[in-house]
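Thanks for coming. I will walk through one structure today, and I will keep it short. Please look at the sequence and the model as they come up.

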Amino acid sequence: MDRPHDPLLRLVGVGKKFGTVEVLRNVDLSIYPGEVHILAGENGAGKSTLVKIMAGVYSDYTGTMEVAGRQVRLSSPPEATAMGISVIYQELSLVSTMTVSDNIFLGLFLHRAGFVRNKAQCDATKRLLAKLGVQALPEQRVGDLPIATRHLIEIAKAMSRNAKVIIMDEPTSALNVQESEKLFALIRSLKSNGCGIIYISHKMEEIEQLADRITVLRDGMLIGSVSAAELPTPKLIHWMVGRPMEQQFSRRAPPTGKEVLRIERFCVAGPLRRHKPLVQEVALSIRQGEILGIAGLEGAGNSHLLSGLFGVYGRRATGRVWIEGKPVRIDRPVHAMQQGMALLTNDRKATGLILPMSIIANITLAKLRDFSTAGWRRTARETRAAHEIARALRVRANSLRMEVGKLSGGNQQKVALAKWMLLNPQLLLLDEPTRGVDVGAKREVYELMNQWTARGIAIILITSEMSELLAMSDRILVMHRGRITAEFSGSRATPQAIVNAAMAPPVEKEIPS
Amino acid sequence: MNQTTPRSNTPAPAGGPSKSDSPSGAVVVENPHEGGRRVGALLHWMGTPVARAMAALLLVLVLGTIFNANGSFFKIATQRDTLREVSDYGILACGMTLVIITGGIDLSVGSVLALVGVCFSIMSIHWGWSAWIVIPFSLLIGAAVGAFSGGLVAWFGIQPFIATLAMMVFARGLAEYISGNMEVSTAMANPDGTYHYVPVPAIFQSINSSVLGGYLAVVTVILMFCAAVAWLILSRHRWGRYLFAIGGNEEAARLSGVPVVGAKIGAYMASGLFAAVAGICQAAQEQQGDPRAGIGSELTAIAIVVIGGTSLMGGRGGMGLTLLGMLTIGYMEKILSLNAVPDAGRLMLTGVIIVTAVLAQRRRE
Ligand SMILES: Nc1ncnc2c1ncn2[C@@H]1O[C@H](COP(=O)(O)OP(=O)(O)OP(=O)(O)O)[C@@H](O)[C@H]1O
Ligand SMILES: [Mg+2]
C-alpha cells in the first residue's frame, strides 16, 4: 500500500464470543490519519461489538489491537480515552440527571484542589455547543432535553476529548438533515487535522457523502475492506446482505377508505404553566389506507403531537378527537389502545422497550390480555405469536428468550415495532420506525407498511430521513413551533419545499382544515 | 411476493471477497439445539443467577459438613429446625420479592408481622373467636396495610423507601397501642392484679406442630405454599409479567398499556398479606402476640432476596432465587449456632457473608 502514514489504530484477527455465541471472527481493521472509515453491515453483524472492543468496554477478545504501532489491551473506557480514542455510542451513555456541562466533563472534571471549577466548565461547554450549533444551556439537565439534542451532546462530549481516533456509532440516527450537515462539516475539519474517524451508519446517502474507505462485516466476519471508490452503493449493499438488492423503494398507495381519525384545535400544554405549549391548535384528518407524513425540525412538536394523541400527557392534551366519526376522549395510553391506536416512540431505550425482559415478553406485553385466560398466561400461544412476528420482521437473535438489552440496536428497534404490530391496530403512529435499522430490514418495514395500509390501517409517520418521508408518505404536513405550517400531497412535495416550510413558516396564519 | 421485493438468492458477490458461502441476510430466529457444545453451554449456565445462587448455597453446605458440630449438622432434626426457623423470614421474602422486582422495597413487613400477630392473638385468645374468622380477618389487616403503602407509592409517587419506612413506624406504634405495649398471651390479668391462664387456642397448636411423622414443621409447609403462590404469580400470571415490566422500565410499561398503579398497589398488598401470614405463624409459635416481634426482620427478608440474586434495581429476579437465598441464610445461621459462635461474631460474620454472596452474584459485563 502506498500510504504515507502508519495506522493510528489497527486490529488484527479479532474475535469475540458472548457465552457460546461467536459474534466476531477474525476481523482486521486499520484506521489511518485523515480518513473517514465506514464500518458497514446488517443489524447484528457485530459493528457495535467491534467498537466496544476498541473503546475498552470488552477486554475478553481474541486477536490483537495496536494504537500508533504499539500493541495494547485496553481494559476500561478511561484507558481508551487516555490513548486518544473517543467514542460516540449507539445507545446514549449520558447521565440524564446531571447537567449538560457535567456530562461533557464526566470523568475529566476541571478542578482546582479537588473542587470542580463549574464556571470554567460551563464556559467551555458553551463554546463547544456553539460550534456544533446545539440548542441547549450548560446548566440544563440532560433528561429534560429532546432526544436529538441529547445525541448532539453525546457528540460534543466525544469532541471535547481532543482524540486522535473518533468512533461514531450511528451518530445521526436521531438527527435531521441540518443537524447532520453540521456534524459532517465538523468531521471534515477533524479529518484535515489528521484525525482518523470510524463511522457507522445505515443511511446510504451519508456513506456516499463521507466515505474514504469502507469495511463490510457480515455475521461477524470480515467481507472486505476497500477504498470507497471501489464500492459504489449497490455493490456495498450486495456485500452487506449477501445478495443484490434494489435500494429504491416504491409506495403502493391503496385507495383510501373512510376517515379513521380527525382532530381539531388539538393542543398540548407544556409541563408547567409558564412553559410554552408543545402543540398548538392542530387540526388534521387521516383515512384508512393512508400514510400521513409529518415533518418538522427538532422542537416542532410533531413527536409531542403523536404522544399527546396517544394519551401520554393525560389532561395536558386538549382538543376534539374523533375516531371513526365518534368523539372520544383519550387520557391514558390504555384508552388509546382500546381505540385501536398504537404508538412507536422515538426512543426505544427510554420509552419503547423493557431491556431486562426477554424478546417474547416485550413483544407480547401490550397484548398480554389476549394471551391469558383469567389472568393466567398461555405461554405456548404467546411464544407462537412472538415467533411469527419476529420472523416477519427478521429479528436476529440466538433465541427469543434472550434479553432485549443484549440485542443489536437495529434488532431492538424491530422488537419495539413487533410489539405494536401484534396489536393489530387501526391507526399506527410511527415515530422514527426505521431508526438504526439496516437497508434490508428497512425495505422489509416499508413493504410491511404497504401491506398494512392495503388492509385498511392508517399510518402517521414521523421520520428525520427525507428520502423515507418522501418515498412513503401519501400526504405530508409540516410543523413549526407546535403548529402546522404547510401541507403537500406526496407527489408534489420536494425536499427543498419541506425544509423551507419547516424553517421559515409563511406568515402566521391558521391553516383552514 | 411481488415486484418490489426481489427474493432471488443469487450466490455470493462476484467481485467481493466473500468469506461466507451461505446465502446470508437470512434470519437466525432460533438456534434450536447446539449439538456438540455441551461444555460451552454448561459454562454459560454457570454464569446464570440460578447457578450462582446455588454455588453460594453449596458453599454454605460445604462449610456445614466441615464444621458439623460432631455430626449434629447431618441429623434430620437439624434440617427440620433450620427450615422451621427460617420459614417466617422466607414468607416475608415471598412478598418482598414481588415488591423488589417492581424496583421498590417494603420496610414495613416486620411491623406488619407484629401488628397482625397482636391482632391475631387478641382475637383468638381474648375474644375466643374461631380460627375460621380470625385468620381471614388477620390476613385482611395485613393486606389493607400493604395496600395503603402501595397507594402512597403508586398514587402519590412517594419513594418506596420513605413510604414504607413511615408505614414501618406507624404499624409498630399501632401494634403497641392495640396491645397496650404488652405481650398478648394466655396469661390474663384478674381485677385484683393476679393472673389466670386460659387454654392455648387449637389453631396455635396446629400451626406450631409438625407433619410427616414430625419431620416437617407446619410453618415450613405454609412457607412452601406461599412460595408456590408467589412463583405462580411471577412466572405464570399476567400480573407477574407486569411487575417485571414496571421494574424494568416503568415509562415503557405505561406506554404499552400496563396498569402500573394497580399492579404496584397489588405488589405491596401481597407483601402485606405475606407479612400477615408470617405474623400468624410467629404468634402461633411463640404462643403470644408480641408488639416487639419481628424488629429487623424486614432486613433479613431483603437480604434473602438479594443474596438469591434478584436485583434491587428491579426487573430481574425470581422466586426460585429467593428460595435459594433463604436456604443459604437459614443454613448459615444454623451452622453458626451449632458451633456456638457468640452473638457478636455471628452478626459480624453474617455481614461478611452477605457481601460475599452479593459480590459473587454480580453480573460481569
Ligand atoms: N451482551 C451481549 N450478550 C449476548 N449477545 C450479545 C451481547 N451484545 C451483543 N450481542 C450479540 O452480538 C451480535 C452483534 O451485535 P452488535 O451490537 O455488535 O451488532 P451491530 O452490528 O452493531 O448491529 P446494529 O446495526 O443493529 O447496531 C448480535 O447478534 C447481538 O445479539
Ligand atoms: Mg450497533
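Let me begin with a hairpin. It is formed by β1(A) and β2(A) and has two residues between the strands, and there A:G19 takes a positive phi near 60°. Strands here are DSSP runs of E with at least two residues, helices are runs of H or I with at least four, and both are numbered from the N terminus. Two strands count as paired if DSSP finds at least two bridges between them.

Before going on, some notes on the source. This is a predicted model, where local features need pLDDT of at least 70 and side-chain atom pairs count only at pLDDT 80 or more, while totals for chains, interfaces and linings use all residues. Residues are numbered from 1 along each chain as its sequence is written, chains are lettered from A and ligands numbered from 1 in the order in which they are written, and side-chain values use heavy atoms, with hydrogens and water left out.

β1, residues 9-18 of chain A, runs antiparallel to β2(A), and seven bridges join them. One of the pairs is A:V14 with A:V27 in β2(A). The strand β2 of chain A covers residues 21-31 and includes A:N26. A:N26 is not a glycine, yet has a positive phi of about 55°. Where else does a residue other than glycine have a positive phi? A:A68 does, with a phi near 50°. A:A68 sits in the loop between β4 (62-67) and β5 (70-72) of chain A.

Next, the sheets. In chain A, four strands make an open antiparallel sheet, ordered β14-β13-β16-β17. Its edge strands, β14 (279-287) and β17 (326-328) of chain A, each pair on one side only. From one strand to the next the twist averages 15°; the axes behind such angles are lines fitted to C-alpha atoms, for helices over the stretch in contact, and angles run from 0 to 180 degrees between N-to-C directions. Within this sheet, β13 (residues 259-268) and β16 (residues 317-323) of chain A pair antiparallel over six bridges. A:I263 has A:V321 as its bridge partner in β16(A).

Another open sheet in chain A has six strands in the order β18-β21-β22-β15-β23-β24, with mixed pairing. Why is one side of β18 and of β24 left without a neighbour in the sheet? β18 (341-344) and β24 (483-489) of chain A stand at the edges with a single partner strand each, so one side of each has no neighbour there. Neighbouring strands of this sheet are turned by 20° against each other on average, direction ignored. β15 (residues 291-295) and β23 (residues 475-480) of chain A run parallel and are joined by four bridges. Here A:L292 is partnered by A:R475 in β23(A).

Finally, the ligand. Which residues are closest to ligand 1? They are A:K47, A:S48, A:T49, A:S408 and A:G410, out of 20 that surround ligand 1; a residue counts as near if one of its heavy atoms lies within 4 Å. The surrounding residues come from chains A and B, so the site is shared between chains. By class, the shell has five nonpolar, ten polar and five charged residues. α1(A) gives the most, with three residues.

As for polar contacts, meaning pairs of N or O atoms within 3.5 Å, a polar side-chain atom of A:T49 lies 2.6 Å from an oxygen atom of ligand 1. The side chain of A:N43 has an N or O atom 2.8 Å from an oxygen atom of ligand 1. For A:G409, a backbone N or O atom lies 3.4 Å from an oxygen atom of ligand 1. Taken alone, ligand 1 exposes 640 Å², and the protein buries 90% of that (Shrake-Rupley method, 1.4 Å probe).

Notes. A polar contact is a pair of N or O atoms within 3.5 Å; within protein, one must be able to donate a hydrogen and the other to accept it, and residues adjacent in sequence count only if both atoms are side-chain atoms. Ala, Val, Leu, Ile, Met, Phe, Trp, Tyr, Cys and Pro count as nonpolar, Asp, Glu, Lys and Arg as charged, and the others, Gly among them, as polar.
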